[in-house]
Amino acid sequence: MPGAPGTPRLGGPALRLTVLVGENDRCHHRPLYSEIVHRARAAGLAGASVFRGIEGFGASSLVHTARLLSLSEDLPVAVVIVDTEERVRAFLPELDGLRPAGLVTLERCEVLRYAGPPGGADGHGSDRKSGGEGGA
């Protein structure tokens with residue numbers, strides 16, 4: 001399967017899709033960022049990672065922060081997906097179906113290296129994802 005652990009199939013010009021949403025945004029009772037990651041995996045994309053922000057604001061101009069004195073729990077979250085331009089653009093209709101409130105960007109980038117550890121994601125031939133391996 002393309003995108004399977006240890007399968008080096010991506011190198012050179014690529015497209016980076018970034019979806020900025022709120023941590024509390026939901027889709028079918030699941031965090032929106034998780035739904036995007038699972039749909040990207042089901043689509044066979046090369047990888048996806050979720051990054052939690054410590055402070056930010058968006059279209060609402062309301063600042064969300066992780067500072068101790070603030071009670072904000074809806075922190076900014078970035079879902080980053082990298083693959084070939086063709087594959088990323090083919091995935092975009094999946095986002096339309098989710099109607100994420102937030103910012104969606106596309107940026108051209110270059111993949112210098114894309115390979116999992118030898119023998120599988122945990123180095124022992126298993127398909128279990130280790131804590132040290134990044135997605136996109």
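Author: Happy to! Among contacts in the protein chain between residues at least 6 apart in sequence, 74% join residues at least 24 apart; contact here means heavy atoms within 4.5 Å. Bear in mind that this is a predicted model, in which local features need pLDDT of at least 70 and side-chain atom pairs count only at pLDDT 80 or more, while totals for chains, interfaces and linings use all residues. Residues are numbered from 1 along each chain as its sequence is written, and side-chain values use heavy atoms, with hydrogens and water left out.

The chain holds two helices and eight strands, in the order β-β-β-α-β-β-β-β-α-β from the N terminus. These elements are DSSP runs numbered from the N terminus (helices H or I, at least four residues; strands E, at least two). Of the 136 residues, 32% are buried, where buried means under 20% relative accessible area, exposed over 50%, and partly exposed in between (1.4 Å probe, protein chains only).

Now to helix 2 itself. Its 14 residues, 85-98, reach 21 Å from first C-alpha to last, close to the 20 Å expected at 1.5 Å a residue; that expected span is 1.5 Å times one less than the number of residues.

Val88, Phe91, Leu95 and Leu98 are the buried residues to look at in helix 2. Their cover includes strand 1, strand 2 (26-27), helix 1 (32-42), strand 7 (76-83) and strand 8 (103-111). In soluble globular proteins, nonpolar side chains tend to be buried together. Here the largest nonpolar core has 17 residues, and Leu17, Val19, Ile36, Ile81, Phe91 and Leu95 have the most contacts inside it. (Such a core is a set of buried Ala, Val, Leu, Ile, Met, Phe, Trp, Tyr and Cys residues joined through side-chain atoms within 4.5 Å.) Strand 1, helix 1, strand 7 and helix 2 each supply at least two residues of this core. Apart from it lies another core of eight residues, including Val80, Cys109, Val111 and Tyr114.

Leaving aside neighbours within four places in sequence, Phe91 is in contact with Leu17, Ile36, Arg39, Ala40, Ala43, Leu45 and Ile81.

The C-alpha atoms of Arg16 and Val82 are 4.5 Å apart, although 66 residues separate them along the chain.
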